[in-house]
Amino acid sequence: MTTVKERVNVGSNDDEPAVSRVPKDLLLVIFIHGFKGTDSTFASFPSRVEHILTETMDNVAVECTVFPAYENAAVERFADWLTTLTVQKEVAHGGGAGVVKIVLCGHSMGGLLAADTLCALVKSRPDEGASLWPRVIGCIAFDTPYLGLNPFVFKNSATRVVEVADTARTIVSDVLYFMGKSQDSSQAKPNPSLPQIAPAIESESTSKATGWARWAPAAYTVGGAIAAGAAAGAAYWRREDITSGYKWAFDHMKYVGNLWDKEAMGKRLDDLTLLEQQGIVFKMFYVLLPSSPPSFPSPRTFVVLPPRSSPAFPNYIISRNSVASDEVKAHMGMFEPTQNDGYYELGLETARIIREAAARNGMHSTVPI
């Protein structure tokens, strides 16, 4: 692997001592989880990306690392952490300031953190012609709500509540229907044209059945209440699953207030897009769930997309997920192959974009970009 020093022979004489050759550049890929995320949010995704890059880049040391969990003052903490890490890596690697090239990869709110930190670093330069340090060459976001959360995330969460209630109501209605049929049969008048059979002596089992049958009229009378109660019970049983969309969204909005600040959100996205003119690659993967009629006649996204006429729109890349049941699960399960059937494609495309950013900064790939 190119993450360690490579030993090569100098000259043609095999007796000559071997010397260590350190790869010219160090490519540092930083993964930043979202609000309330943990170090395990990305699972094995960073190591997978590191392996792909190591195998497809020439004379470049590649390291992928995850920013530790945070809660408050995230931008300040991350900037300090990134600066300290950059100094440590540049001293250890050698070659001076700027030898470490950095790509920021943020999931969810981590993408906002990456964007705000990057924009702050750009603005902190003494002038526009000054080199950027730490040397960030790319910013990749994974389902980051740069323009806010899709309102349908809330609507579709409500739809799931209705679906559960409807299912429970249907089941109870079927039970009550058959109970009603039993009641009607027990009250049917005898046909005088047929021979009549005297009633048998009531046995214990018959008594039990008749006892249950006696409850049928009352149950049928309060059928609406029973159905409503069963629906409510089913909803309560799945309360955590059903309300996950609401809780997740509102927690995030409480943490990042400008999710409702349309002007500030638009400016951030515009600034990121303009950074492309300075050689900094910006891309955003967004999850897309296929349509599922009749409940969901159109494809669904977790985030609001920019208009097609926006300069930022070409930077948005679809990440399809046909196994997740809703937008929140697709968003949270981006880095789990069992929850995202587009997981492996996501890894390959992420590595390709990183190679593109590296190529713009003098690093070489062994495969076409």
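At what angle do α3 and α8 pack, and how far apart are their axes? In this predicted model, α3 and α8 pack at an angle of about 65°, with their axes 10 Å apart. Local features need pLDDT of at least 70 and side-chain atom pairs count only at pLDDT 80 or more, while totals for chains, interfaces and linings use all residues of the predicted model. Residues are numbered from 1 along each chain as its sequence is written, and side-chain values use heavy atoms, with hydrogens and water left out.

**View 1. The protein chain as a whole.** The secondary structure of the protein chain comes to 10 helices and 11 strands, where helices (H or I, at least four residues) and strands (E, at least two) are DSSP runs, numbered from the N terminus. Of the 369 residues of the chain, 44% count as buried; buried means under 20% relative accessible area, exposed over 50%, and partly exposed in between, with a 1.4 Å probe and protein chains only. Among the contacts in the protein chain with a separation of 6 or more, 75% are accounted for by residues 24 or more positions apart, a contact being heavy atoms within 4.5 Å.

**View 2. The packing of helix α3 against helix α8 (262-274).** The angle of about 65° and the 10 Å between the axes of α3 and α8 refer to lines fitted to C-alpha atoms, for helices over the stretch in contact, with angles running from 0 to 180 degrees between N-to-C directions. α3 passes α8 in a left-handed crossing; a crossing is left-handed if the near helix is turned anticlockwise from the far one by less than a right angle, and right-handed if clockwise. On the α3 side the contact is made by Leu112, Ala115, Asp116, Leu118, Cys119 and Lys123, and on the α8 side by Lys267, Arg268, Asp271 and Leu272. These residues divide into five nonpolar, no polar and five charged, where Ala, Val, Leu, Ile, Met, Phe, Trp, Tyr, Cys and Pro count as nonpolar, Asp, Glu, Lys and Arg as charged, and the others, Gly among them, as polar.

**View 3. The packing of helix α2 (residues 74-93) against helix α3 (residues 109-123).** Helices α2 and α3 pack at an angle of about 65°, with their axes 10 Å apart, and their crossing is right-handed. Ala74, Val75, Phe78, Ala79 and Leu82 in α2 meet Leu113, Asp116, Thr117 and Leu121 in α3. By class, this contact of α2 with α3 has seven nonpolar, one polar and one charged residues. Leu113 of helix α3 is buried, with a relative accessible area of 5%, and its C-alpha atom is separated by 9.3 Å from that of His33, 80 residues apart along the chain.

**View 4. The second largest pocket.** Rolling a probe the size of a water molecule over the atoms shows where empty space is left. About 220 Å³ of space lies in the second largest pocket, a volume being the space filled by probe spheres set on grid points that are joined across faces, edges and corners. On a 1 Å grid over the protein atoms alone, a pocket is an open set of points where a 1.4 Å probe fits, with protein on both sides within 12 Å along at least five of seven lines, and lining residues have an atom within 4 Å of a point. The lining includes Cys119, Val122, Lys123, Arg125, Lys267, Asp271 and Gln278, and α3 and α8 each supply at least two of its residues. By class, the lining residues divide into four nonpolar, one polar and six charged.
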